[in-house]
Amino acid sequence: MPEVQLRKRVIVVEEVFHEGGPVAATPLRRAAALAVIHNPFAGKYVPEIAGFMEDLNPLGLEMAKALVAALGGDPKIVEGYGKGAIVGQAGELEHGALWHVPGGYAMREILGNAKAIVASTKKVGGPGTRLDVPITHINASYVRSHFDSMEVGIADAPKANEILLALVMTTGPRVHARVGGLKASEITGLDGLR
Amino acid sequence: MKTKIRKIVTFVEETRTEMGKPVNPPTRRAAAAAVIENPFAGNYVEDLTELMEIGEELGALLTERAVAALGILGAFAESYGKAAAVGENGELEHAAAILHPKLGTPVRKTLGKGAALIPSSKKRGGPGVALDIPLGHKDAAFVRSHFDGMEIRINDAPRANEIVVAIAVTDSGRPLPRVGGLTKDQIKGEDGLR
């Protein structure tokens, strides 16, 4: 499979102190790592693309490490995660699906024992397209306080022949979470769901 | 601190290739943005001193955040810029009060020098509005390789009674500059222009 060609990387860190309610004792942080790569399958229908997933593993690991570093360097503070992709207009949605395995693998590898499926989304779009990356708790998908999302995008990407890859990590619940449901303290942690 | 901050977001962009050509070393820009309460939202207030003082606080805080995001010493920053987006219940003049009278001094203190004018832009807008922060060399405004801009946006800001204030700092100019003009090694650095 072709080599991964990286044009640009972006790191975004949000630190939320409040949202009109009491100021949080510990601000919520959300971080996104974005990578803009050449789409080796752009412009034509290529039947066999799955081999490219393995080629993306090193980039995924690099992005996951950069996220942990952007959040202070300790993987233990990461409580939520998500991933996504925006495929440039000369590509197909299926090219974005190539990110599921390497993106998820990379974050689990860096975070140790994360059990929950990594929430994800993808779309085809042009430069400046925004993506709402879904976020859930890293060990139990049903933890309601950690259902969240982070909007990401880059003004000049993805070009037609590019794919924008995204990984997101958060350090806690929504800043004023109060709609009940499973709490992080109640996780049994066996099945990745509850 | 006088400023009431709801949220701080930092952005780091690193360009590795442009038109398939390697950018060596990669160019890097960082922006730090604060989402603050507009103390004068909804009212015409003659005396804008409070916003000027807020500008002074944010000049220090956001420059420190941006430089930290690049992982460099302030003295190694090459270009800078500033911008503000005022929510719908505020005036453009509120952005001016933050950006122009007092914000620059702490920026320059953090960066060590900064003889050049800090290029700026401002607008009124709703949540998610894009800010194009103009960039220019910090010691000589005419350095053509460093004329640039950085787009940032925060999906949930500014709310009607808020202001987004952003400072951008780089350690480099455009990725592959080749339109001539004054170069950075020709800077005299006396008048802030050349």
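Strands β5(B) and β6(B), the latter covering residues 148–152 of chain B, run antiparallel to each other and share five bridges. One spot to look at is B:Leu135, which sits opposite B:Asp148 of β6(B). Keep in mind that this is a predicted model.

**Around strand β5(B)**
- On β3(B), β5(B) has another antiparallel partner, this time over two bridges.
- Look for B:Tyr80 here: its bridge partner in β5(B) is B:Gly136.
- Five of the seven residues of β5(B) (131–137) are buried, so the strand is largely enclosed by the rest of the structure.

**Helix α3(B)**
- This helix takes in residues 104–111 of chain B, and its buried residues are B:Gly104, B:Pro106, B:Val107, B:Thr110 and B:Leu111.
- Looking down the axis of α3(B), those buried residues fall within an arc of 170°, so they line one face of the helix.
- What do they pack against? The buried residues of α3(B) pack against α1 (49–70), β3 (79–86) and β7 (162–170) of chain B.
- Just past the end of α3(B), B:Gly112 has a positive phi of about 90°.

**Chain B overall**
- Going along the sequence, the order of elements is β-β-α-β-α-α-β-β-β-β, which comes to three helices and seven strands.
- The radius of gyration of chain B is 17 Å, close to the 16 Å that the globule rule gives for 194 residues, so the chain is as compact as a globular protein of that length.
- The C-alpha trace spans about 50 × 35 × 25 Å along its principal axes.
- Buried residues make up 52% of the 194 in chain B.
- Take the contacts between residues at least 6 apart in sequence: 80% of them join residues at least 24 apart.

Key: Residues are numbered from 1 along each chain as its sequence is written. Chains are lettered from A and ligands numbered from 1 in the order in which they are written. This is a predicted model: local features need pLDDT of at least 70, side-chain atom pairs count only at pLDDT 80 or more; totals for chains, interfaces and linings use all residues. A residue is buried if 20 or more other C-beta atoms lie within 10 Å of its own, exposed if 12 or fewer, and partly exposed in between; C-beta atoms are placed from the backbone. Helices (H or I, at least four residues) and strands (E, at least two) are DSSP runs, numbered from the N terminus. The arc is that of the directions from the helix axis to the C-beta atoms. Two residues are in contact if their C-beta atoms, placed from the backbone, lie within 7 Å. Two strands pair if DSSP finds at least two bridges between them. The radius of gyration is taken over C-alpha atoms; the globule rule is 2.2 Å times the number of residues to the power 0.38.
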